[in-house]
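Biologist: Before we talk, please put the model on the screen, so that we can go through it together by question and answer.

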Amino acid sequence: MLAEAVDGLNIRPDGTYVDVTFGGGGHSRAIMERLGPEGHLVAFDQDEDAAKRVESGEWRVESDARFTFIGENFRYLKSYLRLHGVRRIDGLLADLGVSSHQFDVAERGFSTRFEGALDLRMDRRAATTARDLVNGADEEELARVLRLYGELPNARQMARAIVRWRTGGERRDIVTTTDLKEAVSHHLPRGMENKYLAMLFQALRIEVNGELDALREMLSQAVELLPPGGRLVVISYHSLEDRLVKNFMRSGNFEGVVEKDFYGNPLVPLKQLASLAASPEEVAANSRARSARLRVGERVESGKLKVES
Ligand SMILES: C[S@@+](CC[C@H](N)C(=O)[O-])C[C@H]1O[C@@H](n2cnc3c(N)ncnc32)[C@H](O)[C@@H]1O
């Protein structure tokens with residue numbers, strides 16, 4: 001979806017663009033290739049490993065004056081852009097979720113496949129890890145997280161199993177990904193073990209990183225920075241994210257309710273131009289792309305757009 005996402009930005013060589021999820025820099029590189037000498041790309045990533053990749057020279061942009069890296073959470077988009085003198089942008093790209101670099105490091109705990117510390121923080125400066133969450137929260141709180149962010153049908157039973165592991169016969173903290181898998185092992189339906197584990201890890205990851213709140217805050221700020229014609233491109237990897245993006249592109253709010261002015265004209269800041277799933281070839285090459293959804297929106301002047309109901 002790299003080409004479709006970058007095409008969606010409709011890049012002007014002298015424009016200012018933001019990639020809020022630098023990761024391994026694949027999308028940033030493709031954007032830079034389309035910028036001329038007057039263009040500017042600002043990239044965000046809250047993971048210090050992404051910052052190290054930029055600093056290491058591996059990416060060969062550290063001396064490119066057209067590139068600025070900000071090692072912070074994109075929920076502070078507007079403040080950090082202002083700090084760098086950017087008050088208006090021509091397009092913003094968000095390729096949400098976890099990067100393959102993060103998945104592949106066992107000790108960061110992102111992958112259900114490896115034995116590793118139960119961490120799951122994208123920003124290792126953050127105070128709370130998944131280990132703190134599963135050992136500190138009560139059954140009610142854990143069930144809420146698993147139901148809301150993992151959409152697990154048996155969230156309550158899993159939450160109870162986690163609490164039992166800590167307080168019952170085992171009486172020890174859940175420290176590693178393997179401990180967590182053992183704690184819930186009786187609640188993974190046969191043949192669906194991996195799916196349920198992925199849902200469980202997703203739930204903990206979303207909570208630990210405050211992912212949905214960060215997404216809401218970033219999208220709200222993005223429309224304030226885009227002039228009419230500016231583009232918003234988002235790739236999401238699960239239905240919770242995509243629902244927020246879809247509603248926002250449709251209505252400018254996260255409930256998806258289109259507000260109207262006194263005369264009945266819809267007050268919407270964006271017009272959705274495209275909504276695409278990954279091609280079968282891309283899914284064959286990268287199984288994560290199976291759940292990916294790319295949406296492209298264009299900033300319009302509020303109140304000037306007629307939306308189809
Ligand atoms: C799917 S990867 C992006 C991959 C990238 N497009 C590429 O071409 O390599 C998502 C990246 O976004 C970062 N990220 C996720 N949420 C973030 C947030 N709220 N603020 C800043 N970075 C975030 C993650 O640390 C991760 O490196």
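Biologist: Is Asp123 buried or exposed, and what is its relative accessible area?

Modeller: This is a predicted model, in which local features need pLDDT of at least 70 and side-chain atom pairs count only at pLDDT 80 or more, while totals for chains, interfaces and linings use all residues. Residues are numbered from 1 along each chain as its sequence is written, and side-chain values use heavy atoms, with hydrogens and water left out. Buried means under 20% relative accessible area, exposed over 50%, and partly exposed in between (1.4 Å probe, protein chains only). Asp123 therefore counts as buried, its relative accessible area being 15%.

Biologist: Which backbone nitrogen does the side chain of Asp123 reach?

Modeller: Asp123 sits in the loop between helix 5 and helix 6 (130-136), where helices (H or I, at least four residues) are DSSP runs numbered from the N terminus. Leaving aside its neighbours within four places in sequence, Asp123 is in contact (heavy atoms within 4.5 Å) with Gln46 and Asn209. At 2.8 Å, its side chain reaches the backbone nitrogen of Arg125.

Biologist: How many salt bridges does the rule find across the interface of domain 1 and domain 2?

Modeller: The domain assignment, automatic or from a database, gives domain 1 (2-101 + 211-299) and domain 2 (103-209). A salt bridge is a side-chain nitrogen of Lys or Arg within 4 Å of a carboxyl oxygen of Asp or Glu, and Asp47 forms one with Arg124, their closest N and O atoms being 3.5 Å apart. Across the interface of the two domains, the number of salt bridges found is seven.

Biologist: Which three residues supply 38% of the area that domain 1 buries against domain 2?

Modeller: Buried area is the accessible area (1.4 Å probe) that two parts lose on being put together, summed over both. Between domain 1 and domain 2 this area is about 1,600 Å², with carbon and sulfur atoms giving 45%. More than any other three residues, the suppliers of that 38% on the side of domain 1 are Gln46, Val98 and Glu211.

Biologist: What is the relative accessible area of Leu120, a residue with a positive phi although it is not a glycine?

Modeller: Leu120 has a phi of about 70 degrees, and its place is in the loop between helix 5 and helix 6. Leu120 is classed as buried because its relative accessible area is 0%.

Key
Helix = DSSP H or I, 4+ residues; strand = E, 2+ residues; numbered from the N terminus. Polar contact = N/O pair within 3.5 Å; in protein donor to acceptor, adjacent residues only side chain to side chain.
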